[in-house]
Amino acid sequence: MTTLVLPLSEAAGEDVNPLLPHTAEIIFGFVFLILLAIAFAKFVVPRFEKAYADRTAAIEGGMEAAKQAQAEAKAALEKYTAQLANARQEAAKIREDAREQGAAIIAEMREQANAESERIVTHARAQIDAERAQAVASLRSEVGTMATTLAGRIVGESLEDEARQRRTVERFLAELEESESARQAVGTDG
Amino acid sequence: MTAGVPTEFIAPGPQSFDLPPIIPGVDWFTKPVLVAALSVVVIVWFYWAAARKSAVVPSRLQFAGELGYNFVRNSIARDAIGSAEYMKYVPYLCGLFYFILLNNVAGTIPLIQFPTFSHIGWAYVAAVMSWVIYNAAGIKKKGVWGYFKHQTMPAGVPLWLMPLMIPIEFISNILVRPISLSLRLFANMFAGHILLGVFVLGGEYMVFESGKILLGGVGIITFIMGLAIAGLELFVQSIQAYIFVVLTAQYIGSAISDEH
């Protein structure tokens with residue numbers, strides 16, 4: 001292997017010192033690096049930074065919009081909740097009113113019914129009284145007529161016989177009884 | 001060279017980085033210059049296309065651009081510098097990061113396969129730029145005297161230690177930083193390129209030109225190892241770009257910070 005390595009020093013012949021720079025490369029080095037720095041400073045960095053700023057603005061704008069939408073939604077929710085509460089309250093009030101009204105109506109109705117029944121009873125009673133009075137009056141006149149009739153018959157048939165006389169009296173009594181029971185029936189009828 | 005005829009193997013070394021001009025006679029137009037220029041074109045084109053519309057709802061391309069931009073803006077600049085002042089430095093840090101990243105990864109991309117920063121001039125330039133920027137930021141904020149006091153006299157150190165502390169802090173914070181920044185990047189790219197070269201060219205030599213069957217077998221293994229090394233290099237290249245920019249951001253952050 002030594003033979004492989006040996007020629008190195010000989011081949012290096014003319015001394016090349018790797019630590020010594022070439023003038024052209026130094027000049028180009030500065031030119032290229034400054035060129036690149038300027039290209040980045042003037043073109044690349046501003047554009048990328050603008051994109052970043054725009055992006056940040058877009059995101060922040062989006063966040064702002066989202067926040068606003070959220071606030072709006074919250075406000076709407078509050079509104080609806082309040083409305084719902086109002087509606088519930090109103091419904092409760094209406095129900096309460098209805099109950100009260102119902103109770104009032106029932107009470108009124110009851111009163112009316114009571115009054116009506118009273119009125120009916122009174123009316124019936126009055127009618128009964130009137131009818132009775134009428135019956136008494138008619139009976140009275142009837143009794144008078146009957147008495148007269150009977151007296152006439154008695155006088156007419158005067159002395160035919162005792163049996164007929166008795167029959168007559170009995171017939172009269174029976175009639176009288178009949179009319180009595182009739183009168184009684186009218187009385188109980190009211 | 002025909003297979004079977006043993007030839008000398010010339011291992012890759014510092015001379016591998018001494019590339020001839022692409023157009024003979026135009027000395028300044030070398031491969032790293034071309035690659036760096038291409039990287040600038042690619043970065044500017046990509047970010048121009050991605051940022052052009054600056055839409056609120058990003059397209060796929062804009063989203064990819066924002067991902068790349070945000071990585072430097074938030075994970076590097078804002079974390080290291082603080083949310084109050086980081087935006088001023090984002091353009092430079094962004095350009096720096098993608099410039100280093102693309103030029104490093106160029107060392108792995110087939111057909112290009114040359115990390116620009118393995119030529120130390122580029123690393124010097126990037127380090128000097130970062131150095132100027134962080135010192136200027138500090139001086140602008142605290143004034144010349146205030147800035148040097150801030151960088152060289154850490155709070156809480158007893159006065160009698162100051163003669164010791166001031167030179168140490170000055171060397172470490174002002175002098176060494178650009179050197180360490182540039183050398184770290186350069187050396188990683190340089191060594192990675194040589195490493196890849198050794199594995200790939202060595203494998204190629206052993207398989208095709210050594211004329212020995214045994215070496216041919218080893219060469220195949222070497223070649224496969226080279227692929228793994230390329231994967232490792234891709235990782236190192238990305239990490240180095242990240243480290244360079246993170247350190248720059250931290251230097252800026254510590255230069256303008258209120259407390260040491």
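**Helices of chains A and B in a predicted model**

Chain A contains 4 helices and 0 strands. Read from the N terminus, its elements follow the order α-α-α-α. The model is a predicted one, and the values below are computed from it. Of the 190 residues in chain A, 6% are buried.

One stretch of chain A carries an annotation. An unreviewed UniProt entry marks residues 26-45 of chain A as "transmembrane region".

A:Glu111 counts as exposed because it has 10 C-beta neighbours inside 10 Å, and the cut-off for exposed is 12 or fewer. The C-alpha atoms of A:Glu111 and A:Ser141 are separated by 44 Å, with the two residues 30 apart along the chain.

Next comes the contact between the chains. Here 35 residues of chain A are in contact with 41 residues of chain B. On the chain A side, α1 (2-5), α2 (7-11) and α3 (23-156) each supply at least two residues. The most comes from α3(A), which gives 24 residues to the side of chain A that touches chain B. Sorted by class, that side of chain A has 28 nonpolar, 2 polar and 5 charged residues.

Within chain B, two helix pairs can be followed in turn. Two packed helices are described by the angle between their axes and the distance between the axes. For helix α2 (residues 60-81) of chain B and helix α3 (residues 90-105) of chain B, the axes come within 10 Å and cross at roughly 115 degrees. The crossing of α2(B) and α3(B) is right-handed. From α2(B), the residues that take part are B:Tyr69, B:Val72, B:Arg73, B:Ile76 and B:Ala77; they meet B:Val90, B:Leu93, B:Cys94 and B:Phe97 of α3(B). By class, this contact has 8 nonpolar, no polar and 1 charged residues.

The second pair is α4 (residues 120-152) of chain B with α6(B). Their axes come within 8 Å and cross at roughly 20 degrees. Angles under 35 degrees count as roughly parallel, and α4(B) and α6(B) are therefore roughly parallel to each other. The crossing of α4(B) and α6(B) is right-handed. On the α4(B) side the contact is made by B:Ala126, B:Ser130, B:Ile133, B:Tyr134, B:Asn135, B:Ala137, B:Gly138 and B:Lys141. On the α6(B) side it is made by B:Phe244, B:Thr248, B:Tyr251, B:Ile252, B:Ala255 and B:Ile256. By class, the contact of α4(B) with α6(B) has 9 nonpolar, 4 polar and 1 charged residues.

Helix α6 of chain B spans residues 213-256, and B:Ala230 has its place there. Leaving aside neighbours within four places in sequence, B:Ala230 is in contact with B:Thr108 and B:Leu196. The C-alpha atoms of B:Ala230 and B:Gly192 are separated by 8.7 Å, although these residues are 38 apart along the chain.

Technical notes:
Residues numbered from 1 in each chain as written. Chains lettered and ligands numbered in written order. Predicted model: local features only at pLDDT ≥ 70, side-chain atom pairs only at ≥ 80, totals over all residues. UniProt positions renumbered as here; feature names shortened; annotations may be inferred. Axes fitted to C-alpha atoms, helices over the stretch in contact; angles between N-to-C directions. Left-handed = near helix turned anticlockwise from the far one by under 90°. Contact = placed C-beta atoms within 7 Å. Nonpolar A, V, L, I, M, F, W, Y, C, P; charged D, E, K, R; others polar. Buried ≥ 20, exposed ≤ 12 C-beta atoms within 10 Å, placed from the backbone. Parallel < 35°, antiparallel > 145°, perpendicular 65-115°, else oblique.
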